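Walk me through this model, please.

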Amino acid sequence: MESSLPGLEAILLVGGQGTRLRPLTLGTPKPLLPTAGVPFLAHQLARAHSFGVRRIVFATSYKAAMFEPAFGDGSAFGLSLEYMTEETPLGTGGAIRNAAEALTAAPSDPVLVLNGDILSGHDIGDQVRTHIARGAAVTLHLTEVDDPTRFGCVPTDGDGRVTAFLEKTPNPVTNRINAGCYVFTRSVIDRIPRGEVVSVERETFPGLIESGELVLGYADRTYWLDVGTPSAFVRGSRDLVLGRLASPALPGPAGEYLALDGSDVSPEAKVNGGSAVGAGAVVEAGAVVSGSVLSDGCVVCSEATVVDSVIGRGARVCSGTVVRDAVIGDGAVVGPGNELQAGVRVWPGVELPERAVRYSSDL
Ligand code: GDD
Ligand code: MG
């Protein structure tokens, strides 16, 4: 099973704009979006902690000031947290180099680096031990997906050595992709130019491979998800609530749904499929909520149906309305009798009048 790595430091990349998750990310950075009842990052922090990580440097940029109020010095998580901010985003490599200024690790020590939008069940301890045993420059966690074109495509040879790094290539040579969790030897980070925009995916990794350094793949087939799109974000929250991925940060037992303190779910409502109901959120009698994220203070009125969707903070889904595979921004009101489906996004504060939108082939 999983074993602990005391003293391991980590860098968490959390500076991206989360454009694919708009409008949810207009007011809140992606890593802070409520996911299964807590900010997304809480799941990553708790998981890193479970492997013995005790000190984490956040590499922030977009909405940087919102992170410290959410996580403070980290003591609530048994962690010591540092915040390093890029005034202008420096890309993944520039961010890692900038954050490394706050590391205490020695040049030959391993440093864990995590994308801030990943849910993964893999054994971080085993990845680090493999890195050390093989004396690699960098060890990349790899997973397999159906469509590798949206990710970093990573072919390896029979010994696990990475032979190329092809970021978002239209012609992937394998379904094995970069899963966004790296172990770097500290001195390799220090070689990234400081204060410059650098992409690890497009520059650092291809450069290391080109110069013959050992870039290693650590492949496995455990649970893995990048929550960077609305449908993936909803799926991630749902899987955590249902217990498909165990998280020490889940604020209650795994089950059909999770209702935070201060929420009000009518006994005559049907709530299931791994839905999360935020504080102060209301689900009225006769409503059906399945596989969805209901943010704090939102209201799902009587006889409304919400499936595989995100309802923003303080938003209102009126009676008889159907919201399926959609995102309703903070404070928006979807009037009665609307039918929103298939990736529709309602911007924050917008008020849709009664029966304004129908998504039916018979119209
Ligand atoms: N501090 C900082 N500064 N962080 C950044 C910056 C930046 O300029 N740019 C991106 N990030 C952070 C994001 O917040 C996110 O946590 C992480 O870096 C990766 O950025 P994404 O925008 O989510 O990239 P992606 O999902 O398209 O692709 C990346 O992840 C895939 C796995 O999910 C790449 O690493 C792919 O190779 C990989 O397959
Ligand atoms: Mg991503």
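In this predicted model, a polar side-chain atom of Lys30 sits 3.4 Å from an oxygen atom of ligand 1. This is a polar contact (a pair of N or O atoms within 3.5 Å; within protein, one must be able to donate a hydrogen and the other to accept it, and residues adjacent in sequence count only if both atoms are side-chain atoms). Gly152 uses a polar backbone atom, 3.0 Å from an oxygen atom of ligand 1. The protein buries 90% of the 740 Å² that ligand 1 exposes when taken alone (Shrake-Rupley method, 1.4 Å probe). Around ligand 1 stand 27 residues, the closest being Glu86, Glu167, Asn178, Glu201 and Asp226 (a heavy atom within 4 Å).

Now the domains. Domain 1 spans 9-226 and domain 2 spans 256-359, with bounds from an automatic or database domain assignment. Their centres, taken over C-alpha atoms, are 33 Å apart. Domain 1 gives 10 residues to the contact and domain 2 gives 13 (heavy atoms within 4.5 Å).

Between them, the two domains bury about 840 Å², 68% of it on carbon and sulfur atoms (accessible area, 1.4 Å probe, lost on being put together, summed over both). On the domain 1 side, Pro23, Leu24 and Pro34 lose the most area to domain 2, together 49% of what that side buries. Two residue pairs are in polar contact between the domains, both at pLDDT 80 or more.

Residues are numbered from 1 along each chain as its sequence is written, and chains are lettered from A and ligands numbered from 1 in written order. Local features need pLDDT of at least 70, side-chain atom pairs count only at pLDDT 80 or more, totals for chains, interfaces and linings use all residues, and side-chain values use heavy atoms, without hydrogens and water.
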